[in-house]
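Hello,

Here is the structure for you to look over. My notes follow below.

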Amino acid sequence: MNDKQRSILLDISSRFSPPQGVKLSYGTSGFRADASLLESTVYRVGLLAALRSLKTRAVIGLMITASHNKISDNGIKVADPSGGMLTQDWEPFAESLANAPDSYTLVEILDDFVKKEKIALDGEWAAEVFLGRDTRPSGVSLLEAAKQGVASIVKANAKDMGVLTTPQLHWMVRARNKGLEASEHNYFDQLSSSFRCLLELIPQGSRIVGTNDKLIVDGADGIGGEKLESLKGLLNGLCVEVRNSGNGVLNEGVGADYVQKEKVVPRGFGPADVGIRCASFDGDADRLVYFLVQPNSNKIELVDGDKIMALFALFLEEQLSILNKSGDVTVRPNQTRLGIVQTAYANGASTSYLKQLGLEVVFTPTGVKHLHEKAAEYDIGIYFEANGHGTVLFSEAYLCYLEDISSNLSLTSTEKQKVASRLLAVSKLINQAVGDALSGLLLVEAILQHLGWSIQRWNELYHDLPSRQLKVKVLDRAAVVTANAETVVVKPSGIQEAINAEIAKYHKGRCFIRPSGTEDVVRVYAEASTQEAADGLAYSVAKLADQFLGSTNS
């Protein structure tokens, strides 16, 4: 970094003083806090994004959102060239930048990192960063701070992509780095055309039976509802009514997070909606859950991310069973590897159901990064969390294989060509960069029509085991060391044996503990055949955690 570059950085960064007494950490959600505290952080993440673009020689994304948090919060996260999350290797750098106490320290950190990473500030490559924000009022000023951060790095350009869902920005970054057009128009066109293709390939005679064909979507009074209103005009074969699309308070008594946790109807839903297929987005539309309104109650029957994954897995397995049959299609040397990736928080009933289908189910530690990375190891990998965040990944090699089948005019099996075409359409409809409520919704709807299923039929695939989650405040969460995707406690010695002894007391009992990533608590998850049993198991294991780790209350 030369003197001129250093002088520019010192001048501009001095206008963005960090808040006193605040320490921020970069996690799966990026940086997130009360919006009033974030201006300097967003500026500094703009610096990081420009450097990341120079390092990778690719477009990087910055999304300003706090997802399902209250409207007074905001946040910022980075999209890497693949459209996925910022590589974990750069997270410590992000935290050092955000928490630098003054401009001089900030510039020193930048200078050291540029040298360490061998980033050419005077090279030929001009950094490019796509910026997006959700509907939060605070996003306007934070977007300007991000622009200033990007512009503080020589030969760096910030492109404002507008008010977007988080998955749209990730999709645009991925598309642009693949050499494709990357506007909102392109996004809508790809979703609507691939959805149309799937509907055209539905076998004759399939239809949704025993339910109203209408779909009602809770938009969380966020950006997702607005975008669905725009998209639905391009969709044939789907009757959608959007509620909570921006007239109320963002995430207040609405949204996928509220519906999934509280298991009650969101604002604007009631008795008139009994029996109708309903869905809910979260604030930035990267989570999706479905639900049914129960009669004479504000309670719902939740169809969560685990059930969405089960539906996708069932459909894809059905298609692959046709494609993998021997015949006039050259079968790949090994059968298609379809992988289902879950965390230990997935309900045990969903795992049992998927295994009964003969599918390969694997577990990773908690966190989308772990799930996404594992899913990418398969020809087709599916991951979802119960909260409704997840997607389907297709390997490039497998997509080439499908293209070959779809375009092979010498085949006598038109059914196999149709299957290949369906799978290619799925790969274009689903957002492979990140979980996307809009694309996920359309894939669910296409599959339900293909199978001729109502939401009631879908919900009967399996019945969740009752579960309970607790947290125990401890003196040092780092004292807990886990293995086997956080299902087994290695340290402290003896606690896992004690947990096993408690589990053995309950029919269909399962329980694990894991340290929180953000606070000094240990999280307890338990499930069993009845709610009473799940509660009993959770509380007994919470007591064990207290005994072995020492509670802050003792």
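**The sheet and its helix**

In this predicted model, 5 strands form an open sheet with mixed pairing, in the order S1-S3-S2-S4-S5. Strands pair if DSSP finds at least two bridges between them. Helices (H or I, at least four residues) and strands (E, at least two) are DSSP runs, numbered from the N terminus. Strand S1 (31-34) and strand S5 (156-163) are the edges, and each pairs on one side only. Neighbouring strands of the sheet are turned by 15° against each other on average, direction ignored. Axes are lines fitted to C-alpha atoms, for helices over the stretch in contact, and angles run from 0 to 180 degrees between N-to-C directions.

S1 and strand S3 (residues 73-79) run antiparallel, joined by 4 bridges. Arginine 32 stands opposite glycine 75 in S3. Helix H2 (residues 39-56) packs on the sheet. H2 touches S1, strand S2 (60-64), S3, strand S4 (127-133) and S5. Contact means heavy atoms within 4.5 Å. The direction of H2 makes about 160° with that of S2.

Ground rules: residues are numbered from 1 along each chain as its sequence is written, and side-chain values use heavy atoms, with hydrogens and water left out. Local features need pLDDT of at least 70, side-chain atom pairs count only at pLDDT 80 or more, and totals for chains, interfaces and linings use all residues.

**Backbone points to check**

Most residues other than glycine have a negative phi, and most peptide bonds are trans. These are the exceptions I noted.

- Aspartate 221 has a positive phi of about 55°. Aspartate 221 lies in the loop between strand S6 (215-218) and helix H8 (223-231). At 5% relative accessibility, aspartate 221 is buried.
- Asparagine 484 has a positive phi of about 50°. Its loop runs between strand S16 (481-483) and S17. At 56% relative accessibility, asparagine 484 is exposed.
- Lysine 491 and proline 492 are joined by a cis peptide bond, with omega about 0°. Proline 492 lies in the loop between strand S17 (488-491) and helix H17 (495-503).

Buried means under 20% relative accessible area, exposed over 50%, partly exposed in between (1.4 Å probe, protein chains only).

**A helix pair**

The axes of helix H7 (residues 184-200) and H8 come within 11 Å and cross at roughly 65°. H7 and H8 are therefore roughly perpendicular (65 to 115 degrees). The contact is made by Glu184, Phe188, Leu191 and Ser192 of H7 and Lys227, Ser230 and Leu231 of H8.

Best wishes

Methods: Parallel < 35°, antiparallel > 145°, perpendicular 65-115°, else oblique.
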